[in-house]
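Subject: Handing over a structure

Hi there,

Here is the structure I promised to pass on to you. Please open it alongside this message, and I will walk you through what turned up.

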Amino acid sequence: MMQTFRLFFSFSLIFILMCGGPAHARIDTAVLTETRQIEAYIYRSADLTLIKDTRTLYFAKGMNPVRFSWSGTRIDPTSLSFDISDKSLPLEITQTQFPAREKNQAIWHVSATQPCRAEVVLSYFTPGIFWQPHYTAVLSEDRTRMKLTGQVRVENRSGMDYPDATVHLVTGKIHLLDRIADLANQPFPYGRPETRGGDNPQQDMVARGKALLESAPALMIQSEKAASPAPRAITKSRASDYMVYTLDGQKSLLNGWSDRLTFVEAESVPVETLHVFDASRFGNGVMQMVSFTNDKGSGLGSFPLPGGAVKVFQSIDADGGMIFAGSDTADYIPSGKRHHLSLGPDPRITVVPKVMKYAKTHLTFDKKNNLSGFDEVRTWVIEAANFSDHPARIDIFQTLPHPHFAISGIQGQDEFERIDQNRFKFSIRVSPAGKKNIHYTITTYQGDRQWQQKSVPSS
Amino acid sequence: MAAKIGSFLMKSRSFGIMICSALVTAGLILPALVSADTRLGILPQPDAVHIRLSNQNPAMVQEHHQISLGKGINQVAFSWSGVRLDPDAVLLTPLSDPESVRVLSAAMPPDGAGLIWQVYSSNDAVVPMILSYLPAGLDSLVTYTATVNARETALDLDAKLILRNFSGQPYESATVRLDLDTVFSTQIQDQETRQVSFPIPQNPEMTKILQWDGQTMPHDPENQDTAVGVPFGYEITFPVNAVRDTFDLRPGNVRIFLEDVQGRTLFTGEDFLPFLAKGDSFFLETGRTRDVIITKRRMKTDDIQVRRNDKGTIQVFDQIITDRFILKNTRTTPADIRLIDRITGQWEPVDMAHAYTLEDHETLRLDIHLDAEETRTFDLTYKILNIFADKFTQYNQVTYQ
């Protein structure tokens, strides 16, 4: 079975033939029209896809009711829009009708002063179509470069096929008042007031029209346009604070299927491998990180990368052999930003911080001789060892619970950085099978000493 | 049609993974595969299958295939049934000129158990490709057997790799790669477990020690209802200058055997070895001895330098403490003991009758050699400073911050 639901999706024109003057015969009929073009704007931050369905219709002189109905899929009726592309045509949309006791139906009343053909655009929101970026990174054997491939998986669970669609993938956070899926499930397009009206005398006619529509054959799934020998290009563009990725050519979004399409591929992204010890974030393990910059120099262009899962592999030979090195989830990576991929703890690198000496000094007492403050002096050694076969750069972060401290006597580090008032970082490079120790002293001020710290002599 | 390809493949086997290539006229897409123009290509058996086992990461399977491609756009289908795969981690990598063969895109059918790649080829060709995936249920364990000589001076370490295949996919002939140098061939059926020995190029160095930790051991064992015994075992270390192809030891259970002087092999215990990198050390506990008795007694506590507030409440004071250690070796052989004890807070030595090494500010390590049937007694006297008695008492314990 290609689809669980064989969906009916048809566009009908119920038109009234005006036969010379006020005396006219009225014929209700349904004209199945072919889609000329479908555009799908699939949003990432919400379960929302904007479908723009362009068709050509023939309008007779007089009032033309244009009926649109759907089943087996969900459409937010409050988002339905019907537009005539050429505003110079003698057409006017006088009103939109949501018939009583008929779910999933809308009728536009189009008045024509002259018979004509017109291109119309039907647009609506529908849930159930998703896209999800994910990345594959293959590290070189020496871990100095990686091949980064970004792909999007476009998945259609809407219950509806969208053949030969132009697909736009939209990133950025949009503000919504209601979930589109909820709006699509409402029994009445805009809800209902407390009181009920009477039955609609047009009910039978509408039912007949609907039966006609539902007896129509479903659209045939059409062939995709000729494929190019290159992967389908994805054009990136900005719209305000949103990024839009547009797939080149047409793409059939078949219900139930998902497609993986490459949107970025860089053969040789320079990477730096480093190890991070941060007990406040990772506990006692030393995390292995791979960092790269999202910029032109890396071959990644000048656009942000949407967030997604990253699977990292490590090349082990020149014959395509590789092992799985770890996975991470990348958040949105703005252009020019350096990003760190975490590959999990590396047992070959160890970092052991130790307090080698502890003392309480500068005890202070208040006027009643109660203990009111003191300094804690800790002499630290951080023992770092590299049991791997490669040189390792290790960043060691330390976080203190309050900013009332002084650090002194730092030895053994390659770099030191005070990140903020509570955090600092050491960086060291350790050769294979090598060890390195960092020594420093932290004086922490407690009680009244926090107010007197400027009087503390530096150690 | 792609769905039909998937169905076709899945019907062909109850469980398993299958790859096939479908050559179609360039320009047609998946639904068009049902057309008369479609000709299903060969169902290639992989030339080689590699199971890559890396430390602490899932097993990765790499299949080498020769896939016939026609000029233009080809469909290469890969489906699985009864196998759990992460479809985002299934990679198809052509091993040819990237300009002549390119993977364009992939599609996944509604049942989510297959992938169909569109592969462009500039010519009719048979192209080597690697299919890589991470099947759930395929993993490995390592177990060790350590055989210690009668004098307990050397240890022979054997390792076995346990390959467990509960992935749903049999592997008739696979090359299993544990690390750069440990590669072997095997076949393994679904729901089968195989054990394979692999060599450890160089045995680690070992030292037998008894390890007494004051934090966990009773201080007065002779007055306990049952004799607890002092843990003993072997500290193993790969020397830093180990041969190049000596690799790290993966985590696993170690069963320890002793070859006694009569030539018997005695099981003496087991322990869990965590990841042990080259050059690192680990203490494998194998049992407890009741022939060495270690007693710790507090002999004296003096409060000094007592400071009170105006109401007479003690604010701060120091203590001088004397702890006595009594070590009895009732055996007829010597014993090497590692004694670990802790002194918390701010302290300084006063009269320490035995040499010690500071592991950190509060942890003392004493390495003690006892001769056969020797009893040794020594005192450690130290002063704890600035003990808070009224306010800030939480600072009598040192925190790591």
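Below are my notes on the contact between the chains and on some of the strand pairing.

Please keep in mind that this is a predicted model.

**Where the chains meet**

Chain B brings 56 residues to the contact, and chain A brings 49 residues. Sorted by class, the side of chain B that touches chain A holds 31 nonpolar, 15 polar and ten charged residues.

Strand 7 of chain B also takes part in pairing across the two chains: four bridges link this strand to strand 15 (residues 258-270) of chain A, and the two run antiparallel.

**Strand 13 of chain A and its partners**

Within chain A, strand 13 (residues 242-247) is joined by four bridges to strand 11 (residues 162-171), in an antiparallel arrangement. Here Tyr245(A) in strand 13 stands opposite Leu169(A). Strand 13 of chain A is also joined to strand 12 (residues 234-239) of chain A, by six bridges, again running antiparallel. In this pairing, Met243(A) in strand 13 is the bridge partner of Arg238(A). Strands 12 and 13 of chain A make a hairpin with two residues between them, and Ser240(A) in the turn has a positive phi of about 55°.

**An open sheet in chain B**

Five strands of chain B make up an open sheet in the order 14-11-10-17-18, with mixed pairing. Strand 14 (192-198) and strand 18 (265-273) of chain B each have a single partner strand, so these two stand at the edges, with one side of each left without a neighbour in the sheet. On average, neighbouring strands of this sheet are turned by 25° against each other, direction ignored.

Inside the sheet, strand 10 (residues 138-148) of chain B pairs with strand 11 (residues 155-165) of chain B over eleven bridges, in the antiparallel sense. One place to look is Leu138(B), which stands opposite Asn165(B) in strand 11 of chain B.

Methods:
Residues numbered from 1 in each chain as written. Chains lettered and ligands numbered in written order. Predicted model: local features only at pLDDT ≥ 70, side-chain atom pairs only at ≥ 80, totals over all residues. Contact = placed C-beta atoms within 7 Å. Nonpolar A, V, L, I, M, F, W, Y, C, P; charged D, E, K, R; others polar. Pairing = 2+ DSSP bridges. Axes fitted to C-alpha atoms, helices over the stretch in contact; angles between N-to-C directions.
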